[in-house]
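Please look at the sequence and the structure before reading on.

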Amino acid sequence: MKLTQKYISLFMVGLSLVSCSRVEDYQDDPNRPKSVDAGNILPGIEVNAFSTIKAEAALASRQLTYINGVNAQQYYNWQRGSFGAYDNIKQVQKMIEEAIKKGGKEYIALARFFKSYYFISLSETFGDIPYSEAIKADNFYPKYDDQKSIYKSVLSELALANTELSNLNTSIVGDLIYNGSVLKWRKLINSYRLRILMDLSKRTDDPELNVKQVFADIVNNPAQNPIMETGEDNGALSFYNLVNNRYPYFNSNDLKTAYYMEQSFVDKLRTTKDPRLFKMAEKKTSTVGTDPSDPFSYYDGLYGSGDLGENSTKASNGLASRINPRYFNDPINEPTLLMGYAELQFILAEAAVRGWIGGSANAYYLKAINASMNFYKISTADANNYLAQSAINLQPGKEIEQIMDQKHTALFFNTGWRIFYDQRRTGFPKFNTNGQGILNNGKIPKRWMYPSSEINNNNTNLTNAINKQYPSGDDINETMWLIK
């Protein structure tokens, strides 16, 4: 199925006017559709939500480096974020309105998920945001809701979406992700609920949220709360070699010439002999320091926080690996993930380590790695050889660090800012900040400043929200409620 948004071609037709007709009789074009099926709105919403392949996130997450100038994401000097996701929320609201007209309960349930996804994305970025009054047509100055109330409400919405879908026996028309499967959507929604609950790992002492118990209740009742069971359940949007359906960096000259692998990321994969490195990176062009008996020796990277000039020189001397050419040569490449099965297994492993659920943390963790190997199409033999290394298994006292290091690898150049947010929450993996090129006084930012449009259009509510949350003002290094 093509992923391009469907457009309705409108043709002008002649109107025969009679002398007694009134002007207002012709103000409504009878040939212009006044409504559109929710199933025609859904594909565009899905494409927007599932488009999570973002180079800027890979730079900030120490997976890639950039040499065509000082990049704000790589050197941690970003400033203001965007409220653009509210436009996506308005589109979801439009789908709800059209679904209500024709009784499309499945679209209303999916809308709960998409609205939750966008609101959480905004809250993760800034902290408190407009939520309860965000898209009311008659309110141009929406108040800011506190982060706790947003997360609490979103968890309720997601639970309701799962319940509503469980009562339906229908196929979802227009669905590009799961070809209409209600069950697979329920698996994604419940898996996403677990992600949100894990995001609240620093808030387990809050009795109103009851994070541990809610997490366990989902996992321990798969009949009511099905979650992803294999890679076939991935929340993935595939690409096709068709106009507007190709991999987002296909034919990107910038990706081809300016993006290189990050050194500490490559070092990690080289040290553990991780075969996924060959899928992610291209061999460096220089043979300096290589060993024909060691295929991993042909790969290196540029230091994320390193001096731009030094990185550029190293790259020009052929001593660093570019990102694998498939990322800019293959129009199909790999799908973009909103959330995948591998991520879910890492979440379950972390939950087991924290004592939220029973079962073996190591077993969940190894399933996650194996799922990542399958995603990258690593041969079974190579995957088994990698997993057979004793150092790969979880080590006492280092479990969270190992889980996050492996998650860092599994989510390479995919799933948006997910690994950055996990690092912000746990401190792992370690992102280097000791290079000569680092900005922001060597600090990893914790958030984005609110958009300037809010200063101009909703300043009173914005000022109240900033004063309530951040003692030092609207600063990228301030700590939001979620991670305190």
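## The largest pocket

In this predicted model, the helices α1, α3, α4 (105-126), α6 and α17 (418-426) each give at least two residues to the lining of the largest pocket. Helix α4 supplies the largest share of that lining, with 8 residues. The volume of the largest pocket is about 730 Å³. Its lining consists of 30 residues, and those closest to the centre are K54, S121, T125, W417 and Y421.

By class, 14 residues of the lining of the largest pocket are nonpolar, 11 are polar and 5 are charged.

## The second largest pocket

The second largest pocket has a volume of about 580 Å³. It is lined by 27 residues, of which G231, N234, A236, S238 and P335 are the closest to its centre. The largest share comes from α14, which contributes 4 residues.

The lining of the second largest pocket divides into 16 nonpolar, 7 polar and 4 charged residues.

## Salt bridges

Side chains of opposite charge can pair when their charged atoms come close. With a cut-off of 4 Å between a side-chain nitrogen of Lys or Arg and a carboxyl oxygen of Asp or Glu, the model has 26 salt bridges.

One of them joins K102 and D37, whose closest N and O atoms are 2.3 Å apart. K102 is exposed, at 56% relative accessible area, while D37 is partly exposed, at 36%.

A second example is the salt bridge between K101 and E98, with an N to O distance of 3.2 Å. Both residues lie in helix α3, where they are 3 residues apart, or about one turn of the helix. Are the two partners buried or exposed? K101 is exposed, because its relative accessibility of 55% is over the limit of 50%. E98 has a relative accessible area of 1% and is buried, because buried means under 20%.

## A link between loops and a network

D294 and K273 also form a salt bridge, and their closest N and O atoms are 3.2 Å apart. The two residues are 21 residues apart and link distant parts of the chain: D294 is in the loop between α10 (277-280) and α11 (308-316), and K273 is in the loop between α9 (263-271) and α10. K273 is partly exposed, with 38% relative accessibility.

Other salt bridges share partners, and in this way E124, D199, E350, R354, K407, R418, D422 and R425 are joined into one network.

## A buried arginine without a salt bridge

R203 is located in the loop between α6 (182-199) and α7 (211-219). How far away is the nearest side chain of opposite charge? That side chain belongs to D205 and is 5.1 Å away. R203 is buried and has no salt bridge, because a salt bridge needs the nitrogen and the oxygen to be within 4 Å.

Leaving aside residues up to four places away in sequence, R203 touches L209, V211, W481, L482 and K484.

Technical notes. Residues numbered from 1 in each chain as written. Predicted model: local features only at pLDDT ≥ 70, side-chain atom pairs only at ≥ 80, totals over all residues. Heavy atoms only, no water. Buried < 20%, exposed > 50% of the residue type's maximum accessible area, 1.4 Å probe, protein only. Lys, Arg positive; Asp, Glu negative; His and termini not counted. Contact = heavy atoms within 4.5 Å. 1 Å grid on protein atoms, 1.4 Å probe; cavity = no way out; pocket = protein on both sides within 12 Å on 5 of 7 lines; lining within 4 Å. Points joined across faces, edges and corners; volume = space filled by probe spheres on them. Nonpolar A, V, L, I, M, F, W, Y, C, P; charged D, E, K, R; others polar.
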